[in-house]
Amino acid sequence: MLANRSGWRRMRHKIIMPDLGQTVAEGKIVRWLKQPGDRVEKGEPLFEVETDKVTMEVEAFRAGYLHEILVGGGEIAGAATPIAILTDSPNESHGGPSSHAPEPGFKKTSSVTASGSVPGVQRKHARRRTTSPAPERVVAPPRSTTEPKLTTDQKLGMYRRMVLCRMFEERVYYLFLEGRLPGTIHQSQGQEASAVGVCSVLEPGDMITSTHRPHSHAIARGVSVTSLMAELFAKATGCCRGKGGSMHVGDRDAGMLPAIAIVGGGIPLAAGCALSFQYLKQPNIVACFFGEGATNIGTFHEGVNIAAIWDLPVVFVCENNRYAASTAVEKVMKVRRVSERAAAYGIPGETQDGNDVEVVYRAMARAAARARDGAGPTLLELETYRLAGHSRSDPGHYRAAEEVAGWKVRDPIAAYETRLLAEGLLRPKAVAEIRSAIDHELDEAVARAEQGPEPRPEDCLSDVFSE
Ligand SMILES: Cc1ncc(C[n+]2csc(CCOP(=O)(O)OP(=O)(O)O)c2C)c(N)n1
């Protein structure tokens with residue numbers, strides 16, 4: 001043991017049992033993938049956990065050395081209970097592989113043995129794996145001479161914003177693993193090009209609507225990262241004053257109506273907002289984001305149809321990431337492409353590579369110009385892939401490893417970075433500088449969110465109803 005006990009304590013980090021769902025109070029450690037004394041990298045799988053809903057690997061939220069395991073394989077721990085200790089340096093004595101005794105100051109009160117009477121925890125759900133076709137490249141139509149040419153500043157701006165989206169999601173993911181963030185999260189790693197490409201076309205006064213997976217949409221539209229982070233921490237300084245949380249973020253001044261977590265719920269809202277622009281003769285448009293799962297919901301038919309017959313200024317942006325939770329698109333859709341459905345409403349439909357930010361930008365520019373000209377809506381399908389699970393508790397076992405690997409190769413940020421470097425528009429030094437500046441921005445956002453005030457009970461009903 002080190003002489004300076006207080007210094008020693010500061011370098012220790014509790015690993016907790018993550019909160020794996022609103023109805024999941026505890027998890028069983030199936031096995032530890034590292035042993036005390038082992039080096040652990042940030043993001044490296046650390047242990048396997050089983051609940052009555054899923055079995056999944058949980059990653060380390062920071063790098064370090066596994067000092068001690070408090071809850072061993074086969075044991076059960078409640079959500080947010082410390083289950084292991086990580087240290088920064090390797091030379092601190094560790095408890096040894098068989099030592100699961102808690103350190104002073106770390107309680108192990110809520111863990112019980114797997115043979116204890118905890119109904120359902122031992123049950124393993126059968127995992128069905130779907131094989132889906134390899135990602136297909138959709139060739140963009142030739143660029144017309146009237147299409148806007150992106151300047152270097154615009155390209156670098158889109159790159160930086162995509163990196164901000166990705167780093168925000170990564171930070172949120174680790175905050176969640178640390179148990180510092182309440183509530184649930186649906187993340188958008190891998191879908192940044194569609195969010196940023198679409199929003200880069202929008203002008204002040206335009207609006208977006210969004211879904212249960214709204215973080216990248218918000219960042220792409222320019223909602224401040226500080227107010228977004230505070231909202232995720234349910235603080236009064238959040239963009240919805242702490243009343244919305246992750247799935248309902250929005251900021252009307254920035255051009256984003258609060259997101260709606262009911263699948264398909266944003267589509268009639270977008271049509272209504274576009275109707276108000278048309279009625280008030282405002283020169284604005286709405287970009288309505290939704291997943292392919294929403295196109296099987298009744299509101300899709302109602303919203304797109306009314307927008308079509310009234311030529312409303314809206315672009316329906318379907319981010320087709322191939323899965324609605326665990327349901328593969330081909331299981332619930334008879335046509336090959338979502339965009340084919342546009343024909344039923346008499347509007348143009350187009351499928352594009354949603355992982356290429358410039359392709360997205362050009363497609364959105366065409367659709368936005370059409371909407372602004374009073375020619376009505378377009379259904380723009382953007383083929384993409386979410387690299388993370390559907391939600392915090394989804395290990396994604398329904399996707400074949402080769403499929404995930406195939407899409408990782410097409411990571412929209414890595415691909416764009418490579419292209420900008422090759423074109424000489426971006427320097428390797430600038431890549432590091434951009435990431436470091438964003439890191440600081442996020443540090444600041446987290447610090448301010450944690451220090452921010454809680455919403456006051458007496459403000460509970462303010463901003464909820466409009467008279
Ligand atoms: C009307 C409704 N049904 C079910 C759910 C539960 N649910 C939340 S997200 C989701 C999948 C949505 O898939 P998709 O629209 O493709 O969006 P993605 O999650 O792929 O971004 C489901 C079924 C819900 N929120 N609302």
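**The largest pocket**

The largest pocket is lined by 42 residues. Of these, Glu59, Tyr173, Leu387, Ala388 and Gly389 lie nearest its centre. A pocket here is an open set of points, on a 1 Å grid over the protein atoms alone, where a 1.4 Å probe fits, with protein on both sides within 12 Å along at least five of seven lines; lining residues have an atom within 4 Å of a point.

The model is predicted: local features need pLDDT of at least 70 and side-chain atom pairs 80 or more, while totals for chains, interfaces and linings use all residues. Residues are numbered from 1 along each chain as its sequence is written, and side-chain values use heavy atoms, without hydrogens and water.

The volume of the largest pocket is about 1200 Å³. A volume is the space filled by probe spheres set on the points, which are joined across faces, edges and corners.

Which helix gives the largest share of the lining? H2 does, with eight residues. Strands S4 (45–50) and S5 (55–59) each supply at least two residues, as do helices H2 (152–177), H10 (401–408) and H12 (428–451). Helices (H or I, at least four residues) and strands (E, at least two) are DSSP runs, numbered from the N terminus.

By class, the lining has 19 nonpolar, nine polar and 14 charged residues. Ala, Val, Leu, Ile, Met, Phe, Trp, Tyr, Cys and Pro count as nonpolar; Asp, Glu, Lys and Arg are charged; the others, Gly among them, are polar.

Where does the pocket lie? Domain 1 (5–113) and domain 2 (152–457) both give residues to its lining, so the pocket lies between them. The domain bounds come from an automatic or database assignment.
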